[in-house]
Amino acid sequence: MGIRFENVGIAVRDLEATIAFFTDLGLSVLGRDTVSGEWADTAVGLDGNHAKIAMLQTPDGHGRIELFEYLHPDAIETEPTLPHEIGMHRVAFSVDDLDAALAVAARHGCHPLRGVATYGDVYRLTYVRGPSGIIVMLAEALQQG
C-alpha cells in the first residue's frame, strides 16, 4: 500500500488573517473554495457543515496546510492548546532566517511563547502563538547539509 502525506487541516476564526500570516511567512495559496452539501457532511462527519477553505503550500512544494473557517455550524471557541497537551500539537517550518521569520510573525501580533532556544549546534528554534491560537514552530538550521 502506498501512502504519502497530504496536508494538515486547521480550523480558524478568521481565514483572511490566517492566510495573511502564513503567506507573509512564505507559503502560497493554491486555491480557495466554499464547501457544503451531503459530500462534505459525509467526509467531515458533521451535518450541515458549511465552510470557507484555503489550501496553502510551502515554497518547496512538499508541505500543505488546509485552513477552514466554519460558517455553519458556529465554530466552537476553545482554549488554545498548550505544548504538553495531548492532540494536535503544532505545525513546524524550517526557515532560512529565524530573525526575519520572527519579524514577520511580530507584524501579525505573534511572538515566541518564551524565547528563542538553541538545540545543540543543530537548530535555533521557537514556538509562536499564531492566528486562532495555532502553535507554529520556526526552526533555522545552524549547519547546512
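Me: Which residue does Arg 32 form a salt bridge with?
Reply: In this predicted model, Arg 32 forms a salt bridge with Glu 16, with the closest N and O atoms 2.7 Å apart. The pair links distant parts of the chain, since Arg 32 is in strand β2 and Glu 16 is in helix α1, 16 residues apart.

Me: Is Glu 16 buried, exposed or partly exposed?
Reply: Glu 16 counts as partly exposed at 42% relative accessibility, and Arg 32 is also partly exposed, with a relative accessible area of 46%.

Me: And what about Lys 52 and Glu 69, how do their side chains meet?
Reply: They meet in a salt bridge, 3.7 Å from N to O, which links Lys 52 in strand β3 with Glu 69 in strand β4, 17 residues apart. Lys 52 is partly exposed at 27% relative accessibility, whereas Glu 69, at 15%, counts as buried because the cut-off for buried is under 20%.

Me: What else does Glu 69 touch?
Reply: Val 12 is in contact with Glu 69, and its other contacts beyond four places in sequence include Ser 132 and Ile 134. Val 12 itself is buried, with a relative accessible area of 6%, and is found in the loop between β1 and α1.

Me: Switching to backbone, what is the phi of Ser 132?
Reply: The phi of Ser 132 is near 60°, a positive value in a residue other than glycine, and Ser 132 sits in the loop between β7 and β8.

Me: Where is there a cis peptide bond?
Reply: A cis peptide bond joins His 72 and Pro 73, with omega about -10°. Most peptide bonds are trans.

Note on methods
Residues numbered from 1 in each chain as written. Predicted model: local features only at pLDDT ≥ 70, side-chain atom pairs only at ≥ 80, totals over all residues. Heavy atoms only, no water. Helix = DSSP H or I, 4+ residues; strand = E, 2+ residues; numbered from the N terminus. Buried < 20%, exposed > 50% of the residue type's maximum accessible area, 1.4 Å probe, protein only. Contact = heavy atoms within 4.5 Å. Salt bridge = Lys/Arg side-chain N within 4 Å of Asp/Glu carboxyl O.
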